[in-house]
Structure formats: structure tokens, C-alpha cells
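Hi,

Here is the model I promised to pass on to you.

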Amino acid sequence: MTIGENELIASREYDVPRELVFQAWTTPGLLAKWWGPQGFTNTFHECDMRPGGTWKFTMHGPDGVDYPNHNVFVEIVPTERVVIDHLNVHEFRVTATFEGFDGRTRVTFRQLFKKKEEFEQAKPICIEANEQQLDRLGKVLAELAEAQLN
């Protein structure tokens with residue numbers, strides 16, 4: 001995890017081609033399985049997967065607390081990049097890039113907060129939460145890779 005100016009940057013390598021990573025990021029049913037920290041589940045209300053499309057969902061915490069989320073897809077470049085603006089509570093932009101090499105993929109997850117005070121407030125939670133989210137993505141990618149073999 002790297003900490004920049006109002007930004008958290010996490011990078012992870014997965015032993016799958018970037019087409020599978022892109023699929024996990026852009027297929028609502030797969031995205032719902034891994035988005036968020038460990039123990040969270042998601043209910044998607046709207047997921048219009050195109051630039052300008054709205055993504056509204058509720059994250060359900062393991063403690064029973066619901067967290068409504070309102071996002072807009074800013075950019076979707078097949079197998080290369082997904083950019084999402086998170087518009088409620090703490091405003092931030094997520095930029096996920098996918099770099100393929102030797103049949104593997106490096107995902108770089110950037111979370112850039114609009115306001116410094118919101119970044120400072122969210123940083124202690126998001127550092128661990130983002131790593132857990134990338135762990136969950138890895139599990140979904142392993143399942144996808146296994147399904148392709150069978």
C-alpha cells in the first residue's frame with residue numbers, strides 16, 4: 001500500500017489473464033461477490049456498466065449495518081482500466097488498471113479522495129479494507145480460472 005496526496009494505492013498480482021480480471025470488474029454478479037472488505041455482502045440496485053452509468057448498491061456489514069453507495073462509471077476501457085466516482089459520504093475516485101504479463105495480471109487500485117479531511121478520516125479504515133477487497137478479488141479470480149479448466 002502506498003499513500004500519496006489524498007490517495008491510497010494498492011497493487012496486487014494475480015495468476016490469471018487480464019481478460020478474467022476485467023470480467024470480474026465488469027460483470028455485476030461477479031463484482032457483487034468481492035467488492036468491499038472481508039465479511040461484507042452487497043445488494044446491487046442499479047449497475048449500468050458504461051461511462052456515465054449509475055451504480056447504486058448497499059454494502060451489508062458483518063455487524064448488520066447497511067452502507068448505501070452511489071457511484072458513477074467514468075471510464076471503462078476493455079481489459080485495461082475501470083474508473084468509478086464514489087459520490088456519497090466520502091467522495092473519491094477509484095481507478096483500477098490491469099497490466100498483463102506472462103499470463104498474469106497486475107491490478108493497481110487507486111483511491112483518490114476529493115477532500116483532504118475526508119481522506120484523513122477514511123485512511124485508517126480504507127488501508128486494510130482495500131487489501132481485504134483485493135484478497136476477495138483474488139478468490140473470485142481463482143474460481144473463474146478453475147471454472148475455465150473444467
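Before the residues, one term: contact in these notes means heavy atoms within 4.5 Å. This is a predicted model, so local features need pLDDT of at least 70 and side-chain atom pairs count only at pLDDT 80 or more, while totals for chains, interfaces and linings use all residues. Residues are numbered from 1 along each chain as its sequence is written, and side-chain values use heavy atoms, with hydrogens and water left out.

Let me begin with Leu112. Leaving aside neighbours within four places in sequence, Leu112 is in contact with Glu5, Asn6, Glu7, Glu91, Phe92 and Arg93. The C-alpha atoms of Leu112 and Glu7 are separated by 4.3 Å, although the two are 105 residues apart along the chain. Leu112 belongs to strand β8 (residues 104–113); helices (H or I, at least four residues) and strands (E, at least two) are DSSP runs, numbered from the N terminus. Is Leu112 buried, partly exposed or exposed? Leu112 is partly exposed, because its relative accessible area is 37%, and the cut-offs are under 20% for buried, over 50% for exposed and partly exposed in between (1.4 Å probe, protein chains only).

Thr108 is also placed in strand β8. With a relative accessible area of 18%, Thr108 counts as buried. Not counting residues up to four places away in sequence, Thr108 touches Ile9, Ala10, Ser11, Thr95, Ala96 and Thr97.

Now the sheet. Eight strands form an open sheet in the order β1-β2-β8-β7-β6-β5-β4-β3, with antiparallel pairing; two strands pair if DSSP finds at least two bridges between them. At the edges are β1 (2–4) and β3 (41–47), each of which pairs on one side only. From one strand to the next the twist averages 25 degrees. For this and the other angles, axes are lines fitted to C-alpha atoms, for helices over the stretch in contact, and angles run from 0 to 180 degrees between N-to-C directions.

Some of the pairs in detail:

- β4 and β5 are antiparallel over seven bridges, and Lys56 stands opposite His70 in β5.
- β5 and β6 are antiparallel over six bridges, with Val77 opposite Arg81 in β6. These two strands form a hairpin with three residues between them, and Thr79 in the turn has a positive phi of about 60 degrees.
- β6 and β7 run antiparallel and are joined by six bridges, with His86 opposite Phe92 in β7. Their hairpin has five residues between the strands, and Val89 takes a positive phi near 55 degrees.

β6 itself is mostly covered, as five of its six residues are buried.

Helix α1 lies across β5, β6, β7 and β8, running at about 155 degrees to β7. The buried residues of α1 (residues 18–26) are Leu20, Val21, Phe22, Ala24, Trp25 and Thr26. They pack against α2 (28–34), β5, β6 (81–86), β7, β8 and α3. Helix α3 lies across β1, β2 (7–14) and β8, at about 15 degrees to β2.

The largest pocket has a volume of about 700 Å³. On a 1 Å grid over the protein atoms alone, a pocket is an open set of points with protein on both sides within 12 Å along at least five of seven lines, and lining residues have an atom within 4 Å of a point. Grid points are joined across faces, edges and corners, and a volume is the space filled by probe spheres set on the points. Of the 27 residues lining the largest pocket, the closest to its centre are Met59, Asn69, Phe92, Ile125 and Cys126. The elements giving two or more residues to this lining are β4 (54–60), β5 (66–77), β7 (92–101), β8 and α3 (116–149). Which element gives the largest share of the lining? That is α3, with seven residues. By class, the lining has 17 nonpolar, 10 polar and no charged residues; Ala, Val, Leu, Ile, Met, Phe, Trp, Tyr, Cys and Pro count as nonpolar, Asp, Glu, Lys and Arg as charged, and the others, Gly among them, as polar.

Finally, Phe40 lies in the loop between α2 and β3. Phe40 is buried, with a relative accessible area of 16%. Not counting residues up to four places away in sequence, Phe40 touches Met59, His60, Gly61, Pro62, Tyr67 and Arg136. The C-alpha atoms of Phe40 and Met59, 19 residues apart along the chain, are separated by 6.4 Å.

Best wishes

Note on methods: 1 Å grid on protein atoms, 1.4 Å probe; cavity = no way out; pocket = protein on both sides within 12 Å on 5 of 7 lines; lining within 4 Å.
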